[in-house]
Amino acid sequence: MLNVDLFINGLIIGLFYALMAVGLTLIFGILKVVNFAHGEFYMVGAYTYTLAAFKLGFDPWLALPLALAAGAFAGWLTERTLMRPLYAGYSSWGLMRDEYAVVVTFALSLLLINLVDKVVGPYPQRGPGLVDIPRMALGPIMLSGQKLVATGMSIAMIAGLVLFLRYSLWGRQIQAVAQNRLGASLAGIDTARAASLVFALSGALAALAGALLAPIINASPDVGAFPAIKSYVIVVLGGMGSMPGSIAASLVLGVLESFGAVYISYDYHAGADFPPARPVRRARTRGVMDSSARRMALEFRLSLGLLVLLAIAPLAIDNPYWLGVLIVSMYFALLAAGWNLLAGYTGQFSMAPACFAMIGAYTTGLLAYHWKIAPSLGIPASILAAGAIGAILGLIVLRLRGPYLALTTLSFAEIMRLAIGNSYDFTRGDLGLNVPGLFESRLAYYYAFVAVLLAAQGGLYLLLRSRAGLFLQAIRDDEVAAASRGVDVVLWKTVAFTLSTAASGLAGAMYAHFSQLVSPELGLLSQTGLVICMVVIGGIGSLIGPLAGALLVYVSSEMLREAGGIQLIVFALLVILIARFFREGLWGLARRSLRKTTA
């Protein structure tokens, strides 16, 4: 009987996943991009339902359609303000379709999470039940009244969506746009309206899932993160753009998790979510992120000048706290430089730089903690470990690009964080791992980071000026054209990914010995978000941009802490505005201003 109970409960879990996944599938079908703010539509629904019922006094059955309306409006507004440019002249951008969608929706996710945290508060809030029926026995299974009602509504909504898409005029138009956008437009279909409708439907479905589960899973600012990650995995497993595939994958994943939580361990039930590699090749138009040798030399000289300023900064800053802030800024600068090599110069968007920093930090930390190995050996081991794992992962995932690569590395990052966080006997989990220090003086750490960052910038410059650098930039501009000229695309993308992960491992190892304590929080997705913010704000695809962006963002974030901790809200807004209107970042704006003054 236990297995029957687990199977039925797994199907119910899968239905809730399906509400989220079919919305993502519709969006991918129309725009061929992934909405990384999808989990925040779920959060909007959960909070709208809960607050309307408890703060405004609405009956739960009236609060539920309000949640749907709020989710639909959030989806419609996202499409109108941020996604509409994807099909309105994107070929002239500095950022291509996939990169723009990843950057903007990820920044929107950070913005909404932190905005709700400040406005509503960080404390979880449980929503009211739609019915007051206690747990009941239905044959061999036990279900609460709320779960039973939520299951029925989920089935009804999914069935209604299928019927709408198949038999309604608007539904057939959506299918036509998904199959051939240009052909649908020539046939007189309003493709912009179809995209707006799809985003509204997606937001409404995610909000419904959040509202139905609010009495079971408390509403909190980051409540949508976990179901969103599941949904991304489901969409890949079921086939990007396939609604039947997404529904089937949702049900299968729900059943696997239900059995895995009992027969393996609840803490590891998310480990079944790693998506398989599926090759996707798509030609890219040439962007405007090209760097001439002269421009690259100028950027390198400016980055050296910035490092010189950092080197002499301790002459004016004797406060240990602000020295520490600059040290952590240089840690992020090293992460940003590594990620920029992959994203800015090779055109591959990974969502795992913070994960590889965590791997590097734990490698040297565990070697010292368990086997008393000195940092002089632990740090090189961290570089090798992160680089080796990156090379193996790269051989698998770098046959992919666009949303597949981002989703796969996101899943890998979450699995690694989960594994480290739950391996208490080996890693000490969330308790944190003590790591020995390198130096007695904070000033010594400071100059060690300056030296490492100088070496990294020099190595990056030499790489980009070499034949290998030309291969990487050719792949960024047009993979198909590069392959036709004899460039081994997968090999060179793997090389870039390996170097990027090795740099992240070095940064993590250095940070571990500086902080002398590491925890799984080092690999949080928000840390990756911060790295992306730094690169985009500073200027993606440039040598000076990530370095300047890291220093600007982190130092500013410390200053903004005194204003109520609104730093992530400000930076997320900046990323959205820069990616939307000034796609070359602050360095691009500065270069443009210099050209105007010298003209």
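Q: Which residues does Thr191 touch, not counting those up to four places away in sequence?
A: A contact is counted when heavy atoms come within 4.5 Å. By that test, in this predicted model, Thr191 touches Val177, Arg181, Ala184 and Ser185, once residues up to four places away in sequence are set aside.

Q: Where is Thr191 found, and is Thr191 buried or exposed?
A: Thr191 belongs to helix 8, which covers residues 191-213. Burial is read from relative accessible area, with under 20% counting as buried. Thr191 has 13%, so Thr191 is buried.

Q: How far apart are the C-alpha atoms of Thr191 and Ala178?
A: They are separated by 9.5 Å, and the two residues are 13 apart along the chain.

Q: What is the relative accessibility of His513, and which residues is His513 in contact with, leaving aside neighbours within four places in sequence?
A: The relative accessibility of His513 is 0%, and His513 counts as buried. Its contacts beyond four places in sequence are Thr364, Pro375, Ile379, Val435, Pro436, Gly437, Leu438 and Tyr445. His513 itself lies in helix 20, residues 489-515.

Q: How many salt bridges does a search of the whole structure find?
A: A salt bridge needs a side-chain nitrogen of Lys or Arg within 4 Å of a carboxyl oxygen of Asp or Glu. The search of the whole structure returns eight. In one of them, Glu257 pairs with Lys230, with 2.3 Å between the closest N and O atoms.

Q: Which helices hold Glu257 and Lys230?
A: Glu257 sits in helix 10 (residues 243-263) and Lys230 in helix 9 (residues 225-238), so the pair ties together parts that are 27 residues apart in sequence. Glu257 counts as buried at 4% relative accessibility, and Lys230 counts as buried at 1%.

Q: How are Arg417 and Glu414 placed in helix 15?
A: Arg417 and Glu414 are three residues apart in that helix (residues 403-422), which puts about one helical turn between them. Their side chains meet in a salt bridge, 3.1 Å from N to O. Arg417 is partly exposed at 26% relative accessible area, whereas Glu414 is buried at 16%.

Q: What is the distance between the closest N and O atoms of Arg476 and Asp477?
A: These atoms are 3.1 Å apart, and the pair forms a salt bridge. Arg476 and Asp477 are both buried.

Q: How many positive and negative side chains does the protein have?
A: There are 40 positive and 28 negative side chains, and the centres of the two sets lie 10 Å apart.

Q: What radius of gyration would a compact globule with 599 residues have?
A: The value would be near 25 Å, and the protein, at 24 Å, agrees with this. Taken along the principal axes, the C-alpha atoms fill a box of roughly 70 × 60 × 45 Å.

Q: How many helices and strands does the protein have, and what percentage of its residues count as buried?
A: The protein has 24 helices and four strands. Of its 599 residues, 57% count as buried.

Q: Among contacts between residues at least 6 apart in sequence, what percentage join residues at least 24 apart?
A: In the protein, 80% of those contacts do.

How values were computed
Residues numbered from 1 in each chain as written. Heavy atoms only, no water. Helix = DSSP H or I, 4+ residues; strand = E, 2+ residues; numbered from the N terminus. Buried < 20%, exposed > 50% of the residue type's maximum accessible area, 1.4 Å probe, protein only. Rg over C-alpha atoms; globule rule 2.2 N^0.38 Å. Lys, Arg positive; Asp, Glu negative; His and termini not counted. Charge placed at Lys NZ, Arg CZ, Asp CG, Glu CD.
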